[in-house]
Amino acid sequence: MFYNMESKIQQYLPISFILRTILNKLPCLFRPCCYKPLIIIIEHSFRQFKHLLFGLSFMLGLTNATLAQNSGTITGTVKDKNTQEVLIGATVVLEGTTLGAQTDVDGKFKITGIPPKSYNLIIQYVGYQTFRLFNIVVTTGNVLTFDIELETESKTLNEAVIQTRTFGKKTETPLSVQSLTSEEIKSNPGGNFDISRVIQALPGVGGNTGGGAFRNDILIRGGGPSENVFYIDGIEIPVINHFSTQGASGGPQGILNVSFIEDVSLSSSSFKANVDNALSSVLSFKQRDGNAERLQGNIRLSASEFGLTLDGPITKKTTFLASARRSYLQLLFSLLDLPIRPNYWDFQYKTTTKFSNKTTLTTLGVGAIDEFSFAVPKNSTPENEYILRGSPIINQWNYTIGGVLKHLVTNGFVNISASRNMFENRLDRFIDGRLNDENARALKTVSQEIENKLRFDVNKFTGKWKYSYGGVFQYVKFNSSGFTVLRTATADVRIPLDTKIDFVKYGAFADASRKFFKNLLTVSAGVRADGNTFLTEGNEIWRTLSPRVSASYAVAALFNINGSIGRYYRLPGYTVLGYRTADGTLINKNNAYIGVDHYVAGIEYLPTNTTRITLEGFYKQYFDYPVSIRDGVSLANQGTEFGAIGNESVASIGKGRAYGFEVFFQQKLVKNFFATFSYTLFYSQFSGADGKYIASSWDTRHLISSIAGYKFKKGWEVGVKYRFAGGNPYTPFDEQLSRQNYLLTGNGTLDFTRLNSVRLGTFNQVDLRVDKKWNLKRITIDVFIDFQNVLMITSEANPQYAFERKPDNSDWATTDGNPIQPNGSNAIPKIIPNFNDTFLPTIGFIVEF
């Protein structure tokens, strides 16, 4: 007889009753209208979940014995970080237990019979630094697989051991590095498994740019959202968010599947020389390998999405990971009566083929299909309704595919990678929501960015020296077609947006590092140069020589002083490079690479294996930053919105500076508790055509972030996150020009004589998450409840300009009752504030099998 899983879930999960009780206890939610949508979502999701579990129960033939004590498994490989050779006989143990294993002749280990709960994993090998993986959640549903790399011990014979606790720090980047494990991403309150949103809790990282809390802009140490680069297993991926802003980044939801991720590393300075185009940060994602022994996976169902992930063996030498996800955010936001309607699909895969002990091929792919529109909430004013109906409809798709061939050589390894990525952005805008009425069309544009890349790097280790060198070759294309419409009193004027360019980018690098003074001092240095065939001076690669040097000195066993100086370059965005004037001239070919110099110094205190405290100061000096010819304003002071930026004539005459300090405290999992706290004070200023430094659009000055979590018995876990940011600067409207031009452009005209002179209110948000896990035989069930902005604190976004509408929204209201004049002289202008206190609840179910 099959076990009645549905009745058992009903017994253990009176979910609607529990949620009603919790919500009634929360002070911010006394009003029933705030949580009734959540109850509807919960009950609907729970009904679907019961059917899902019943089907799984039937297929797997679960019996009453499934509620007995079950166990989990951890497998993996241990390698030398410098040579990538496997280590035979390394010891792998679960901290606080007698469970462990040693690696075999292939460097592999396997620990079985593990009671399900959270552990810290300790890996040791003679002559190597002890390595720890924190907060490893063992379940019965999936086998955990790790690829572990050990670094040689910082000591010599007959010398005292220098106890090294890296927390993700590398020899080449000894400071400004933060790391996250997959479990820290999964359990992040308010994160909703979104890596981009989780990163905003790290020191120096901001995310609110005046567009509200729904955007995922990554703003690091006063830099802009276009200054970051992203890598997955050595392949650059330009888009990691759905509904990205072309020429920048951001969007309301991340693309990457956290089930693929083993760990994430964020470097906000001291970049390795093999990375190009980074001005503010390098975000590196390391994906796990698929299970080599059996097929496994997980199903995630929530009010906002449905996702399926599978991994397992294809052949004896090849494993795979694959996933697909479908969004239901448009339904959730409709239920909550929010004005945005995001709808998306995303897909991801990875294969790993080990041809021999020395040669491995990894292939990967990431793709997304996005549809984004606006809807009118029930309680909108006529003016807001008119604005929303005239907002652009966004349709995008993108993909990145690639492969990395790794071959081990004597004392090192060689990587060769090839990849292709493509991004299409389609914008359509119609007046007053008159969709598909060409007489009402205000904007039509389709643009594509295509990059084909070939990279190689050689990494060697000789004595105390580590060095690497390599290069990159890219063939890129950008094309755009369409038009925007200006409506005058006599006729509609179409302004074409057609362009097409293609060119080659290339670059080379070399770097080296060594330890000195009995391994107390570590020094790393590198240099890079890049060129292209598009810019007038693009092939003069000496203009982009970018040296960098970093050092770390161990004052004591637990105390380090770190510093770095470096110069970095980035090519302007394709929307800038491809812009043409009315006569078809590529006016921006005379621009230069954007440059920045970093100066960073800090101290690091590691009192225990699980605790880290850092203090860092930074100064960034920008040069050759693009400035709008039309407005004389730096692109850094224009903010970010959905759509595209930079499609105008610019000149590389701008300067910028960002400086400040950050404090960070991190407590990894100890006695079921973990916590982080960070505070950043910074100033971000950029100059325009007049040379005067003005606060940038992301100059929030203060950033505070804190996360705390506790793991209770019987699979319960609670986490809370708090974020604070100072108010974003913004430019007020020129009321006279706005009145004259509003009917022509559909937007208010900014007063650039008061550029970024006004600030929004501060941003505060508290997120709460509760998880409960059940570990059955080869199945794990995780029920989570995630509350974003649980205290319903009001945040402010940039105000909007409009003319007053008649109460029935049939036409413009006027001062004299006559039809509105083309110059708006009899209009009634309104500046509409933009406040939001949305409480966003999500309940979800994850089934691992």
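Visitor: Which elements do the buried residues of α7 pack against?
Guide: They pack against β21 (359-374), α9 (735-745), β42 (795-803) and β43 (829-836). Contact means heavy atoms within 4.5 Å. This is a predicted model: local features need pLDDT of at least 70, side-chain atom pairs count only at pLDDT 80 or more, and totals for chains, interfaces and linings use all residues. Residues are numbered from 1 along each chain as its sequence is written, and side-chain values use heavy atoms, with hydrogens and water left out.

Visitor: Which residues of helix α7 are buried?
Guide: In α7 (residues 382-389), Glu 383, Tyr 386, Ile 387 and Leu 388 are buried. Buried means under 20% relative accessible area; exposed means over 50%, and partly exposed lies in between (1.4 Å probe, protein chains only).

Visitor: What makes a stretch a helix or a strand?
Guide: Both are DSSP runs, numbered from the N terminus: helices are H or I over at least four residues, strands are E over at least two. The chain comes to 9 helices and 44 strands.

Visitor: Why is the pair of Phe 271 and Tyr 568 called tilted?
Guide: Rings of Phe, Tyr and Trp (its six-membered ring) pair if their centres lie within 6.5 Å; planes under 30 degrees apart are stacked, over 60 edge-to-face, and the rest tilted. The centres here are 4.7 Å apart, so the rings pair. The planes stand at 55°, so the pair is tilted.

Visitor: What parts of the chain does this pair link?
Guide: Distant ones. Phe 271 is in the loop between β15 (261-267) and β16 (281-287), while Tyr 568 is in strand β30 (residues 559-570), 297 residues apart.

Visitor: What makes Phe 503 and Phe 534 an aromatic pair, and which kind is it?
Guide: Their centres are 5.3 Å apart, within the limit, so they pair. The angle between the planes is 40°, so the pair is neither stacked nor edge-to-face, but tilted.

Visitor: What does this pair tie together?
Guide: Phe 503 lies in strand β27 (residues 499-516) and Phe 534 in the loop between β28 (521-532) and β29 (548-556), so the tie joins parts 31 residues apart in sequence. Phe 503 is buried at 4%, and Phe 534 is buried at 5%.

Visitor: How many aromatic pairs are found in the whole structure?
Guide: The search finds 27. Ring pairs also link Tyr 386, Phe 733, Tyr 742, Tyr 801, Phe 803 and Trp 812 into a cluster.

Visitor: What makes β15 and β16 paired strands?
Guide: Two strands pair if DSSP finds at least two bridges between them. β15 and β16 have 6 bridges, so they pair, and they run antiparallel. Ser 265 has Ser 284 in β16 as its bridge partner.

Visitor: Why are β8 and β12 edge strands?
Guide: The open sheet has the order β8-β15-β16-β11-β12, with mixed pairing. β8 (177-181) and β12 (235-236) each have a single partner strand, so one side of each has no neighbour in the sheet.

Visitor: Why is Tyr 344 called buried?
Guide: Its relative accessible area is 1%, so Tyr 344 is buried. Tyr 344 lies in strand β20 (residues 340-354). Beyond its neighbours within four places in sequence, its contacts include His 242, Phe 243, Arg 325 and Asp 370.

Visitor: Why does Asn 135 count as buried?
Guide: Its relative accessible area is 4%, so Asn 135 is buried. Asn 135 lies in strand β6 (residues 131-137). Leaving aside neighbours within four places in sequence, its contacts include Ser 118, Glu 183, Phe 674 and Lys 711.

Visitor: How many of the residues of the chain count as buried?
Guide: Of the 849 residues, 57% do.
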